[in-house]
Amino acid sequence: MSMYNALAIALCLFFCCLSSSAQNDVEAEQEYPTKRIQAVKITNPPVIDGDWSDPVWSTIEAASDFTAFEPNPDTIPKYKTYVKVAYTDDALYLAAFMKDENPEMIPQQLGYRDAIGANADYLCLFLDTYDDGQNGYSFCLSVSDIQSDARYSPSEGENWLWNGIWFSSTQVTEDGWYCEMKIPYYSIRFPKKDIQTWGINFWRNFRRDRERSSWQRFDLNGQGFVNQWGKLEGLKDLDPPIRLSLTPYISAGIDYLNDKPEGTRSSSTFIRGGADIKYGINESFTLDMTLIPDFGQVQSDDQVLNLSPFEVFFDENRSFFLEGTDLFSRGNIFYSRRVGGRPLLYWDVEDGLSDSEIITSNPIATQLLNATKISGRTTNGSGLGFFNAVTAATNATVLNEETGSERTVLTNPLTNYNVVVMDKPLANNSYVSLTNTNVIRNGRYRDANVTAIITELNNKKRTYAISGFYKHSQLFNSNHEKFDDIITGSSYNIVLKKTSGKLQGGIGHYVETDTYNPNDLGFLRNNNERNTSGWINYNINEPFWKINGMWNNWGFNYNQLYNPNEFTGFSIWGSNGLSTDKFLSMGINYGLSPVEGNDFFEPRVDGRVFKTYPGGWFNYWFSSDYRKRFALDGGAGVYRRPFTDEYTYDFWFKPIFRVNDKLLLSHEYIDDYFDEIGFTDVLEDDDPLFARREVFTVINTSEASYIFTSTMALDFRMRHYWRKVLPYEFRTLNEDGSTSPRYDIDSNYDNSVNFFTIDLVYRWLFLPGSEMSFVWKNFIFQSDEEREHTYVRNFNKTINEAASNNNVSLKVVYFVDYLAFKNLASKKRKMPDTF
């Protein structure tokens, strides 16, 4: 039976499974009415003190009748919850009472802002201010008055990195606990209408029983999240406020380099200043700008020794690029790490050296001068966004050791980055979006332009959907002959999927041409591929026997090269997981590549191919109950190719110890071992050299967090990464993709690489939006060719012999809101003169 026949059979089975489940879902479907609250306007706002005995609350009816959705869906929660909502011309107010007959047993673990995963009870308020069923906000408050907030959108899902300015307080009493919230209108966006309806919901987390409940019923198997909220009706005469704030900062610090191999030490001090500006252009659109930003205190990247032919993806840690960027994620062609990232010609400096020259300076990042975002939604829910950033020209310095003269080498010209997004919500939680990214470099250097159109269309009951995109890239050559030399490429996909019910799944086809390249402002590991895939998910959320829930996923991938049209691989895979009534979660992942494949990327030479042989993999993981003071996560796995006797194993574990409600300790240990055939070098005449090699990887990450108060914390993170690569049999890559031993290589390709980082961060949120932070960062890189290192010997050598770079900095950020400043000034003008 051919691979195409097997693929056709798999598709037929897939559609049969989904079709048979559709009727069952229709028969089991039950309509649940949308709950509604009538908004109550008040003139005397309550004091936010966690006590709802304020007279204003006595006249407002409470929303109650919550429904549990975990661990027992559609059941009555153990304890009642009551929530009251009111509004003024300036803010939305919430008061809630969470009944608990044993308040002394309420978990109250402290955490810094956005510690939504802490071992504590909490209540969440959800708002969909445009009532479009797709975009929203959440404001969550723990029993210890720890604030967490998030934005929701189809492109980003749940983004906990957004931070709004709001006020809260909590109290624990003999009957349970109370909370109050004040959400100023300047922290959210909403349309300007005489009468408005917002989406609204409330969640309660009853941590002792791991029970979560909601006011508007939430279906874990349903499609979407924001569309499952209730309604807050009758909001009248809301006037979106002037949203203008300034957040200046000043930072100072010292960099200290101890170059132990060279026996030299050097230090430098710095002082920096800048500001972030936020301005509400109108009721819906906001301008965010950062001027001369300082990102020196962001968490260190988890560096690795990359043995693959593809670029390593690093997470974004800079706050400006994390907050309010949901629109810009549409189409997945904007990777913000490109802005202020590695210079375009960073690697070219070494190639241009003469025999007597050395590099004395080659900055690894460009300087961001400013960045601006304008984003928002119109009254009909349409989203518009514009992003612009400018980075300064970057130069390397080269020293001629014979003459003593220096010269500079331009590694990145002055560069302008732009992103434009248009998003249109459609009926049934559908949407269509257009995104364009553009990079313009000053002078005779490469420019780029990428456009993406994305859509998802749901049926009326939101049980089925069809989604897809088309992307088009343009690269203009270094001489700016834009009309004579333009490299264009494209990528597109289409997906048919079932999106609700216990049984869900989909099938999709994905294509990237060999000239598609979004990487000047996006991220793509590799282009030149076709992929057909299908998957089925079967989830059981109702408890049975000793199981709280179970999830099961199966699928296949059929891969081809786009140009030339060659088969590259086929795999089938599955994963199964469950959570017990003791809240122990565990699962397995497994898969099989049953036929030979072809890897056209591993050889690093165009036109060459590396044959991959059949193999399979299996791994297991577990996670214990986080309510306990001691918890343990871990797992292990194996991959095997019997024909070539290549194999991989890995295991990891992470103990987590909550000393008390303020101190949390954890340590993660990861151990990987590979015995494989892989690329080693490109010799003369573009001859790829391969080798059978052992690859040892050990990663240790220790973390500690001490929470002084809900606004003050000390965090420590130490990570040591060690990878040792030991080739033991060099091999020739044959024309058919196989490899055979070769014995003419006498070079040493052994490699041992270490990355060691420390991040110590003290943070004090002394006012809403205002923070002081003290940070110590330590970075060590060490590489050698020693073969016989043990872990302890290697670690000692890294710490005692490698160069280390230390940075200590103090930063103060102060939030100034125009309305607060105006009101304060007005009050001072009204004060009577005194003598």
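Student: Are Cys-124 and Cys-140 buried or exposed?

Tutor: A residue is called buried under 20% relative accessible area, exposed over 50%, and partly exposed in between, with a 1.4 Å probe and protein chains only. Cys-124 is buried, and Cys-140 is buried as well. Please note that this is a predicted model, in which local features need pLDDT of at least 70 and side-chain atom pairs count only at pLDDT 80 or more, while totals for chains, interfaces and linings use all residues. Residues are numbered from 1 along each chain as its sequence is written, and side-chain values use heavy atoms, with hydrogens and water left out.

Student: Which two residues form a disulfide, and how far apart are their sulfur atoms?

Tutor: A disulfide is a pair of cysteine sulfur atoms within 2.5 Å. Here the partners are Cys-124 and Cys-140, with their sulfur atoms 2.0 Å apart. The count by this rule is one disulfide. The torsion about the S-S bond of Cys-124 and Cys-140 is about 110°, so this disulfide is right-handed.

Student: Where do Cys-124 and Cys-140 lie?

Tutor: Helices (H or I, at least four residues) and strands (E, at least two) are DSSP runs, numbered from the N terminus. Cys-124 belongs to strand 5 (residues 122-128) and Cys-140 to strand 6 (residues 136-142), so the pair ties together parts that are 16 residues apart in sequence. Cys-179, by contrast, is in no disulfide; the nearest cysteine sulfur is that of Cys-124, 9.9 Å away. Cys-179 is buried, with a relative accessible area of 1%.

Student: How many helices and strands are in the protein chain?

Tutor: The protein chain has five helices and 44 strands. Its overall extent can be judged by the radius of gyration, taken over C-alpha atoms, against the globule rule of 2.2 Å times the number of residues to the power 0.38. The radius of gyration of the protein chain is 29 Å, close to the 28 Å given by the rule for 835 residues, so the chain is as compact as a globular protein of that length. Along the principal axes, the C-alpha atoms fill a box of roughly 90 × 80 × 60 Å. Of the 835 residues, 49% are buried.

Student: What percentage of contacts between residues at least 6 apart in sequence join residues at least 24 apart?

Tutor: Contact means heavy atoms within 4.5 Å. Among contacts in the protein chain between residues at least 6 apart in sequence, the share joining residues at least 24 apart is 63%.

Student: Which residues does Ala-389 touch beyond those up to four places away in sequence?

Tutor: Ala-389 touches Val-339, Leu-368, Asn-370, Ala-371, Thr-415, Asn-416 and Tyr-417. Ala-389 lies in strand 19 (residues 383-391) and is buried, with a relative accessible area of 0%. The C-alpha atoms of Ala-389 and Thr-290 are separated by 9.4 Å, although these residues are 99 apart along the chain.

Student: Where is Gln-223 placed?

Tutor: Gln-223 is in the loop between strand 12 (211-214) and strand 13 (230-236). At 14% relative accessibility, Gln-223 counts as buried. Leaving aside neighbours within four places in sequence, the contacts of Gln-223 include Asn-429, Glu-456 and Arg-462.

Student: What is phi at Arg-462?

Tutor: Arg-462 has a positive phi of about 55°, although it is not a glycine. Arg-462 sits in the loop between strand 24 (447-458) and strand 25 (464-476), and is partly exposed at a relative accessible area of 26%. Asp-65, also not a glycine, has a positive phi of about 50°. Asp-65 is exposed, with a relative accessible area of 53%.

Student: Which residues does a cis peptide bond with omega of about -5° join?

Tutor: That bond joins Glu-70 and Pro-71. Pro-71 is in the loop between strand 2 (67-70) and strand 3 (81-87). The peptide bond from Asn-563 to Pro-564 is cis too, with omega near 0°. Pro-564 is found in the loop between strand 29 (547-560) and strand 30 (567-580).
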